Amino acid sequence: MTSQAPIDYDFDKQHIWHPYTSMTHALPTFGVVSAKGCELILDNGQALIDGTSSWWACVHGYGHPSILDAMQNQLNHLSHVMFGGITHHSAINLSKKLVAMTSENLTKVFLADSGSIAVEVAMKMALQYWQGRNQPNKQRILTVKHGYHGDTFAAMSVCDPEGGMHTMFGNAVTKQLFVDAPKTPFGEPLQDDDIQPMRRALVEHHQNIAAVIIEPIMQGAGGMRFYSADYLKALRTLCDEFNVLLILDEIATGFGRTGKLFAYQHADIQADLLCVGKALTGGYISLAATLCSDEVALGISQSPSGVFMHGPTFMGNPLACAAACASLDLIATNDWQVQVSQIEQQLKQELAGADQIAGVKALRVLGAVGVIEMENPVNTALLQQAFVDLGVWIRPFANLIYIMPPYCISASQLSQLTHAMKVVAKLAGEQTKQNNESSFISHG
């Protein structure tokens with residue numbers, strides 16, 4: 001292997017933004033030089049078991065030959081070409097796969113370049129649809145609190161308005177409609193009053209609501225919360241009753257993460273618009289998609305402009321589409337159901353009792369997702385170093401210590417992750433206790 005130059009950490013710290021960090025009080029970074037299977041290799045030679053699938057995307061692990069071969073073959077023929085007035089095999093093949101694997105009403109595919117853009121596209125489609133149906137007053141989006149749908153401006157407008165990451169943008173963000181998030185836990189029948197806030201909002205505002213957007217079954221970055229499939233069923237019924245479109249954001253949950261190919265299948269419902277991304281390419285290159293029904297497409301086509309007003313430069317990028325085709329082929333042949341089921345059972349067994357650790361508020365497991373929720377926000381830098389010292393890559397945020405590992409993870413690798421989660425949860429609880437005692441002494 002060709003030797004690599006040392007990573008210039010000083011330049012990185014002085015000049016390069018990382019996600020959700022400060023340029024004056026930056027969180028520590030760790031240099032990764034290669035990755036294989038479920039492991040990240042640091043520049044000091046240390047191997048870390050990846051518990052996050054690179055933000056929930058790299059479900060097949062790193063360096064998978066099928067995806068690499070597909071991308072190399074595509075590179076040799078056509079790496080990129082504008083999608084305006086041009087089409088190609090990769091985009092067509094990918095769209096065929098998406099139409100075949102999603103609910104039968106979803107027949108039209110818009111190939112975007114990131115999850116946030118897929119959400120923006122879905123929201124724009126919903127607004128433009130109602131223009132084509134002579135109801136241009138339907139301009140608002142209704143959603144639930146604790147949601148997360150991306151960092152661009154339209155996506156920010158439907159993220160949690162109180163505790164979310166985007167509250168500092170104030171009036172620059174469009175004011176949407178919010179109701180309480182579902183409280184009924186996953187696997188339980190819907191509590192009688194759980195859907196009532198949504199019903200009341202639709203009764204009062206349906207004439208101005210274009211769509212409801214929600215993350216099905218699992219709210220991701222808004223709190224890693226799992227809720228009842230019955231809530232989704234009731235929501236679909238309400239959207240039909242009040243003539244409102246339903247957008248399902250499956251960017252985090254799609255392609256097997258919750259134990260179903262798509263999380264909406266837990267509720268046996270159909271979306272009017274569906275957003276997918278992250279695991280779409282297996283995490284090898286950025287790509288997302290928004291699917292819609294014939295009815296939505298017809299309404300948009302009958303709007304005053306007659307066309308849908310969006311077209312990214314890298315829309316339908318051939319290289320990304322080739323990676324996605326290979327990833328979806330692996331989904332179809334890898335028996336992911338068994339992989340995810342085994343991960344879920346092992347998570348339940350090995351994390352059992354973690355909710356008894358001092359400072360832990362709750363423990364949750366669904367599919368290939370394991371969550372330890374702390375009572376207080378954690379010290380990300382402290383916990384990140386502790387995880388690295390334990391030989392794993394787990395990225396905590398807010399008050400959450402969670403993993404969403406690649407489906408191909410071995411039982412021994414997963415055990416190392418769960419062990420590290422419990423060790424670090426205990427550390428976080430002790431740190432909180434020390435901070436509270438110090439605060440009491442200084443103010444007592």
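## The side chain of D272

The side chain of D272 reaches the backbone nitrogen of L246 at 2.8 Å, where a polar contact is a pair of N or O atoms within 3.5 Å, one able to donate a hydrogen and the other to accept it, and residues adjacent in sequence count only if both atoms are side-chain atoms. This is a predicted model, in which local features need pLDDT of at least 70 and side-chain atom pairs count only at pLDDT 80 or more, while totals for chains, interfaces and linings use all residues. Residues are numbered from 1 along each chain as its sequence is written, and side-chain values use heavy atoms, with hydrogens and water left out.

D272 lies in the loop between β10 (245-249) and β11 (273-276); strands are DSSP runs of E with at least two residues, helices are runs of H or I with at least four, and both are numbered from the N terminus. D272 is buried, with a relative accessible area of 13%, since buried means under 20%, exposed over 50% and partly exposed in between, for a 1.4 Å probe and protein chains only. Leaving aside residues up to four places away in sequence, D272 touches several residues, including L106, R236 and V296, with contact meaning heavy atoms within 4.5 Å.

## The sheet

An open sheet of 7 strands has the order β4-β12-β11-β10-β7-β5-β6, with mixed pairing, and two strands pair if DSSP finds at least two bridges between them. Because β4 (106-112) and β6 (177-179) stand at the edges with a single partner strand each, one side of each has no neighbour in the sheet. The strands β10 and β11 run parallel and are joined by 3 bridges, and L248 stands opposite L274 in β11.
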